[in-house]
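Try each task before you read its solution.

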Amino acid sequence: AELAKRDDTRVRANALAVLGRYNPEFVMERIASLSESSDAVTRAGSAYLLGEMPGHAPVLKRLFRMLEVEERTGVIKQLAQSVTKHAVPERAEAVIGALHEMKRRVTGGKVALVAMLLQEVGVELGMVETEVTAVGERHIAAVAAAAPKPVVPQSTPHAPLPKPPVTFEPV
């Protein structure tokens, strides 16, 4: 744990990688600040660490949040590698579903990146494109079904508007 507090980024990253296997909560607390660093190398290091901690829902959330906002190519590549490390059958729906959700939110080049990641994750899992799409759509439908329904305010009944009188004019 002392090594995880060192100033040397590489020493700290290696220490956190080892600790992440045994105490992911401890590491997640430290990665939060690393993943938001202004230094691209530090952000890439935190992306690498997140890839070394498969099986923890907060890890995937952090990876996807970083992927959505990251601009630097090197960090994006590391994030993509880390996402694919999480592509195992037990977490297929979580990974594919989150990527499908992200694909609906992002714009520009990020759409192509997410599409490529979906394809890569599918290959890693031995799935064809239609299976990946079905898993993603199923996830999105489940999220939508679980979301709280918007409350539509009930309108108060109003008295009907009076009808104008009908008049006939002689011809």
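**Exercise 1.** Which side chain meets Arg-104 in a salt bridge, and what is the N to O distance?

*Solution.* A quick note before we start: this is a predicted model.

Step 1. Look for the partner. The side chain of Arg-104 pairs with that of Glu-137, at 3.1 Å from N to O. The cut-off is 4 Å between a Lys or Arg side-chain nitrogen and an Asp or Glu carboxyl oxygen, so the pair qualifies.

Step 2. Check the surroundings. Arg-104 has a relative accessible area of 55%, so it's exposed. Glu-137 comes in at 35% and counts as partly exposed.

**Exercise 2.** Find the salt bridge between Arg-105 and Glu-101, then say which network the two belong to.

*Solution.* Step 1. Get the distance. The closest N and O atoms of Arg-105 and Glu-101 are 4.0 Å apart.

Step 1. Locate the pair. Both residues are in helix α6 (residues 92–105), four residues apart, or about one turn of the helix.

Step 2. Look at accessibility. Arg-105 is partly exposed at 47%, and Glu-101 is partly exposed at 25%.

Step 3. Follow the shared partners. Salt bridges link Glu-101 and Arg-105 with Glu-68 in one network.

**Exercise 3.** Take the salt bridge between Glu-70 and Arg-43: are its two residues buried or exposed?

*Solution.* Step 1. Start with the pairing. These side chains meet at 2.7 Å, N to O. Glu-70 is in the loop between α4 and α5 (73–85), while Arg-43 belongs to helix α3 (residues 40–51), so the bridge ties together parts 27 residues apart in sequence.

Step 1. Apply the cut-off, which is under 20% relative accessible area for a buried residue. Glu-70 has 6%, so it's buried. Arg-43 has 11%, so it's buried too.

**Exercise 4.** Describe how helix α4 packs against helix α7.

Step 1. Read them off. Helix α4 (residues 57–69) and helix α7 (residues 109–125) pack at about 145 degrees, and their axes are 10 Å apart.

Step 2. List who's touching. From α4 you have Leu-67, Glu-68 and Val-69; from α7, Lys-110, Leu-113 and Leu-117.

Step 3. Sort the residues by type. The contact has four nonpolar residues, two charged ones and no polar ones.

**Exercise 5.** How far apart are Asn-14 and Leu-49, in sequence and in space?

*Solution.* Step 1. Count along the chain: the two are 35 residues apart in sequence.

Step 1. Now go through space: their C-alpha atoms are 8.3 Å apart.

**Exercise 6.** Zoom out and sum up the whole protein.

*Solution.* Step 1. Tally the elements. There are eight helices and zero strands.

Step 1. Check the burial. Of the 171 residues, 39% are buried.

Step 2. Check the contacts. Among those between residues at least 6 apart in sequence, 60% join residues at least 24 apart.

Step 3. Finish with the surface. The accessible surface is about 11100 Å², with 58% belonging to carbon and sulfur atoms.

Note on methods:
Residues numbered from 1 in each chain as written. Predicted model: local features only at pLDDT ≥ 70, side-chain atom pairs only at ≥ 80, totals over all residues. Heavy atoms only, no water. Helix = DSSP H or I, 4+ residues; strand = E, 2+ residues; numbered from the N terminus. Buried < 20%, exposed > 50% of the residue type's maximum accessible area, 1.4 Å probe, protein only. Contact = heavy atoms within 4.5 Å. Areas by Shrake-Rupley, 256 points an atom, 1.4 Å probe, with all protein chains shown as cover. Axes fitted to C-alpha atoms, helices over the stretch in contact; angles between N-to-C directions. Nonpolar A, V, L, I, M, F, W, Y, C, P; charged D, E, K, R; others polar.
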